[in-house]
Amino acid sequence: EQNQISFTAYGPSGATVSLEGRVQGQIGSDGRLQFNCQLPHLGRNVLSLSVSQDGREVQFQRTYSLQEDPQLAELRTLLAQAEEKQLDTTAAKNFLAAVGGDNPYGEAQRQQAAQEISSLRQAIVAQEVTKTQTFPNALAQALFNRAGAAYQRRQFNRAGYYLTLSRNAAAAGSFTGHQVQLLPTEYGDYPGFLLSNGRLAVTLLETGGRIISYQVDGVECLLPGNFESGLTLEERASQKVSKEMVTRLKGLGGFEDAGGYAYLWPVSFVDWDVDFVEIKPARAAIAFSTLIPDTPYLLRRTVSLSADSLDLHCDYEIKNTLSPEYASEDPEHFQFPWRGRFMPGIGQGANAPENDRLVVPLLDTEEPLQEPHFTAAKPAFYSLKSRKLKENFFGAYDPSLRTGLAMLGDTNLSHLYMWFNSKVDKNGKGGVYTLEFLRSFRGKSHADPYPNSPFTIKAGESFNFSFIIRGITNCSSDEQFLQQCQR
């Protein structure tokens, strides 16, 4: 749909180059002339070129196909919706009529198409958010309110997105009597969702699909981190990350998806798209998805909870959105490094990790953890870049609270990355640890008998994997913890 073509004509110095009968210039002393042109209209464009000198002329043609701007299809869809709602569509109709057939279509038309889309979307959203409505459940009501707030911020795309989510939630009817509740919640100014079945209460943020809270029988098991330097609500809802934001893309805890080479994903600090997969009395499932910037990979994580269960299921689909025709023979072109990064902390407050005991069943050939007990009384600092797990799980518990959580991976999640720092500052703060599933080459050695690697996902293909976050109860020893980790 890009209509600018760049030509390079080669020939004798001083020769004149013409396009469609119009002189473009003369070939320079280096034997070439570069110039640009705009394809005049959608569809098939045949361009005539000529090179002449001293009464001699060479003529030739080049044929190009200018595909329709995808915005036009979106505009037609919005136009139909606007007409159904009896809104004024005169400007959009006139624009579409003006760009049809052999009429010109270039950058100016693309910009106008974007403007017409914005205008129609604003009108459609404005009509809906000002309606007086009743809702069968609190989730649909809250999403409608989020639509109104997004409209007030002039984020019309996001407002329309929330209206769609509100309709989807309303279609589930009343939640009265549901054993599993999917409810709206706010974590500070971070909009999110609460999944609860009476035993587990899990808070998921729209930002990164982040699991910011995981409570087992009322005991918090994740450290939320620091929100002081985070992005604003408007910045997060825009779903864009710039280089200027980089110093603010830190501090958040809980669980997040991250890069496989010790860096965080900036996209995990902005809002992801949400889809209600299932809302039924005994089970609820919600999906979070995003395109990972500067890659062809679309990540979708579905989080589900069933009645009378201490297991939170996280099921992934990673799709390489490139067409198979662009497949590469270079393995690096279809490798997807990833970390599932947990920041546990059993209990309340910034010092929740104090007294946590880590349970990490490494292979017998691996060195045991330098220090599994997180306490300021025995300050320790160490990290493990990539260690092979004996069984694909790890976790932590607080023996005094007799509560914890375990992360149980499928066969695709066999390596651990972790960070441990129980040294605290003079105020008794600052200690944290992470437990992370890792898929990358990080920490790989030449003689590694159990090498780790990124996911391999070729163009046009998808890859699925999963893990479970299990609530641990009545646990005061490693043995009791391990017993509850049985599959």
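Which residues in α3 meet which residues in α5? In this predicted model, local features need pLDDT of at least 70 and side-chain atom pairs count only at pLDDT 80 or more, whereas totals for chains, interfaces and linings use all residues. Residues are numbered from 1 along each chain as its sequence is written, and side-chain values use heavy atoms, with hydrogens and water left out.

Ser118, Arg121, Gln122, Val125, Glu128 and Val129 in α3 meet Phe156, Asn157, Ala159, Gly160, Leu163 and Arg167 in α5, contact being defined as heavy atoms within 4.5 Å. The residues of this contact comprise five nonpolar, four polar and three charged. Helix α3 (residues 107-129) packs against helix α5 (residues 156-170) at an angle of about 45 degrees, the axes lying 9 Å apart; α3 and α5 are therefore oblique to each other (angles under 35 degrees count as roughly parallel, over 145 as roughly antiparallel, 65 to 115 as roughly perpendicular and the rest as oblique).

The model contains 31 aromatic pairs, counted where ring centres of Phe, Tyr and Trp (its six-membered ring) lie within 6.5 Å, with planes under 30 degrees apart taken as stacked, over 60 as edge-to-face and the rest as tilted. Among them, Phe7 and Phe35 are stacked, at 5.4 Å centre to centre and 25 degrees between the planes; Phe7 lies in strand β1 (residues 4-10) and Phe35 in strand β4 (residues 32-38), 28 residues apart. Both Phe7 and Phe35 are buried (under 20% relative accessible area, with exposed over 50% and partly exposed in between, for a 1.4 Å probe and protein chains only). Phe342 and Phe394 form an edge-to-face pair, at 6.5 Å and 75 degrees.

Key: Axes fitted to C-alpha atoms, helices over the stretch in contact; angles between N-to-C directions. Helix = DSSP H or I, 4+ residues; strand = E, 2+ residues; numbered from the N terminus. Nonpolar A, V, L, I, M, F, W, Y, C, P; charged D, E, K, R; others polar.
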